[in-house]
Amino acid sequence: MFACEHAGITPDIICLSKALTAGYLPLGATVVTAAVYAAFLSDDRSKTFFHGHSFTANPLACAVAIASLDLFQEQNVLARIASLEAQLRAGLAPLREIPIVGDVRVIGGVGIVELVSDRQTRSAGGYLDGIGPRLAAAFLERGLLLRPLGNVLYFMPPYVISDEQVAWALAQIADVLEQIAQPNRP
């Protein structure tokens with residue numbers, strides 16, 4: 001469920017938000033190890049760990065978070081994410097052949113295509129690269145809402161997406177990137 005698990009590390013403190021409620025309501029949480037918790041456990045207010053988020057402890061958001069976490073267990077969402085990851089890896093890998101694609105990365109339900117202006121030097125425009133808005137507009141014309149951040153295209157579909165919908169989105173991504181790489185293509 002967490003990036004630290006993929007990295008094989010166990011943090012002492014982890015801050016969580018957004019996904020706790022599946023994005024339906026704002027909620028933040030700071031989770032610590034038992035040792036960190038014990039270090040701040042006191043009636044002495046000067047030992048308080050002031051970690052509060054502006055969206056901490058909203059009862060409605062907490063209820064939604066519990067329901068969301070229940071769904072992870074009841075519907076075996078982690079297995080669905082593993083399947084989605086495999087589909088993203090297989091579908092995005094061929095994009096490496098497109099001249100403007102510098103890198104393709106996938107982890108869990110997140111697929112990333114990094115675009116470059118020069119493959120040899122891997123130079124890219126970064127966060128403000130004008131290709132981002134061009135891509136967003138091209139995808140939107142096809143009915144696909146993606147928000148590239150500069151020269152980096154993220155595809156983070158909801159876990160309830162069907163395999164057919166993923167395949168369609170990946171085809172749109174490939175076609176748009178091919179058209180941008182080869183603008184005179186028929």
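A salt bridge is taken here as a side-chain nitrogen of Lys or Arg within 4 Å of a carboxyl oxygen of Asp or Glu. The views below show a predicted model.

**View 1. The salt bridge between D175 and R142.** The side chains of D175 and R142 pair with an N to O distance of 2.6 Å. D175 belongs to helix α6 and R142 to the loop between α5 and β5, so the pair ties together parts that are 33 residues apart in sequence. D175 is partly exposed, at a relative accessible area of 24%, and R142 is also partly exposed, at 25%. The structure holds 5 salt bridges, counting every pair.

**View 2. The salt-bridge network of D103, R105 and E114.** Shared partners join D103, R105 and E114 into one network of salt bridges. Between D103 and R105 the closest N and O atoms are 2.9 Å apart; between R105 and E114 the closest N and O atoms are 2.9 Å apart. E114 is buried, with a relative accessible area of 19%, because the cut-off for buried is under 20%. D103 is partly exposed at 22%, and R105 is partly exposed at 35%.

**View 3. The largest nonpolar core, around L95.** This core has 27 residues, and L95, I173 and L177 touch the most other members. Two or more residues come from each of α4 (77–92), β3 (101–107), β4 (110–115), α5 (131–141), β5 (152–155) and α6 (163–181). Helix α6 gives the most, with 7 residues. Leaving aside residues up to four places away in sequence, L95 touches V101, V104, V113, I173, A174 and L177. A second, separate core has 5 residues, including L16, L20, L27 and A65.

**View 4. The largest pocket.** Its volume is about 1,500 Å³. The lining consists of 37 residues, with A19, A22, F72, I81 and Y159 nearest the centre. At least two lining residues are supplied by each of α1 (3–7), β1 (13–16), α3 (59–74) and α4. By class, the lining has 26 nonpolar, 8 polar and 3 charged residues.

**View 5. The second largest pocket.** This pocket has a volume of about 290 Å³ and is lined by 15 residues. Nearest its centre lie L145, L146, R147, Y154 and M156. The elements giving two or more residues to the lining are β5 and α6, and α6 gives the most, with 3 residues. The lining divides into 12 nonpolar, 2 polar and 1 charged.

Key
Residues numbered from 1 in each chain as written. Predicted model: local features only at pLDDT ≥ 70, side-chain atom pairs only at ≥ 80, totals over all residues. Heavy atoms only, no water. Core = buried A, V, L, I, M, F, W, Y, C linked by side-chain atoms within 4.5 Å. Buried < 20%, exposed > 50% of the residue type's maximum accessible area, 1.4 Å probe, protein only. Helix = DSSP H or I, 4+ residues; strand = E, 2+ residues; numbered from the N terminus. Contact = heavy atoms within 4.5 Å. 1 Å grid on protein atoms, 1.4 Å probe; cavity = no way out; pocket = protein on both sides within 12 Å on 5 of 7 lines; lining within 4 Å. Points joined across faces, edges and corners; volume = space filled by probe spheres on them. Nonpolar A, V, L, I, M, F, W, Y, C, P; charged D, E, K, R; others polar.
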